[in-house]
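Biologist: Could you take me through one part of this model closely, the place where the two chains meet? I'd like the whole picture in one go.

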Number of protein chains: 2
Amino acid sequence: MTKLSEKEINEKLESLEGWSYTDNTLQTSFEFENFKEAFTLMTRIAFEAEAQNHHPDWNNVYNQLEISLSTHDAGGVTEKDFKLAKAIEGIVNAE
Amino acid sequence: MTKLSEKEINEKLESLEGWSYTDNTLQTSFEFENFKEAFTLMTRIAFEAEAQNHHPDWNNVYNQLEISLSTHDAGGVTEKDFKLAKAIEGIVNAE
């Protein structure tokens, strides 16, 4: 997996909603109704991450979820991160 | 729920293993075998937190889990945080 250039990342970001490229990672945040809803979504995302063998850096406080994606081995953002971001978007929008 | 004094917190910390009082919160971290193990434990903790109606501030990256506990309404650490910390310790030690 090759690290994408800033130009490539910005182009690809146009196909996602609510994600930004910050601190060398793809970032987003969600606010759910309560903890149960937040953790329900986290569980769906966890299964998808495990299936892709690519995992998020995420922080949860009650109904808030912050997610950062990057590819450690490549030292930045790769296609793997966009694939997982797209899957997360699909999971959250399916609600 | 009343915010505990630093003296009370330090006394109570003696009954826990691997927790510290930092930045006005109770903190700990765990390292599991892999993501699946980490998220399995998070799920057990999530059910306990929901049952206690008291939720962690937590961050997960692959096999690492960092947890901070505090009681927002009290502006610091209360008995509620020690109750949840004790439950988390029980869940992790049951592995």
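Modeller: Chain B and chain A bury about 1,400 Å² between them, and 65% of that is on carbon and sulfur atoms. Keep in mind that this is a predicted model. On the chain B side, B:F35, B:F39 and B:W58 lose the most area to chain A, together 36% of what that side buries.

As for who takes part, the contact draws 15 residues from chain B and 15 residues from chain A. There are 0 salt bridges between the chains, but 4 residue pairs do make polar contact, both partners at pLDDT 80 or more. On the side of chain B that touches chain A, α2 (35–52) and β3 (57–61) each supply at least two residues.

Now the strands. β3 of chain A (residues 57–61) is joined to β3(B) by 5 bridges, and the two run antiparallel. In that pairing, A:D57 sits opposite B:V61.

Then there's the symmetry. Chain B superposes on chain A by a rotation of 180 degrees with 0.0 Å of shift along the axis, at an RMSD of 0.0 Å, so the two copies are related as by a two-fold rotation axis. In chain B, the C-alpha nearest that axis belongs to B:N59, 2.1 Å away from it. Both copies use the same surface, too: 100% of the contact residues of chain B recur in chain A.

Note on methods: Residues are numbered from 1 along each chain as its sequence is written. Chains are lettered from A and ligands numbered from 1 in the order in which they are written. This is a predicted model: local features need pLDDT of at least 70, side-chain atom pairs count only at pLDDT 80 or more; totals for chains, interfaces and linings use all residues. Side-chain values use heavy atoms; hydrogens and water are left out. Copies are superposed by least squares on the C-alpha atoms of residues with pLDDT of at least 70 in both. Contact means heavy atoms within 4.5 Å. Buried area is the accessible area (1.4 Å probe) that two parts lose on being put together, summed over both. A salt bridge is a side-chain nitrogen of Lys or Arg within 4 Å of a carboxyl oxygen of Asp or Glu. A polar contact is a pair of N or O atoms within 3.5 Å; within protein, one must be able to donate a hydrogen and the other to accept it, and residues adjacent in sequence count only if both atoms are side-chain atoms. Helices (H or I, at least four residues) and strands (E, at least two) are DSSP runs, numbered from the N terminus. Two strands pair if DSSP finds at least two bridges between them.
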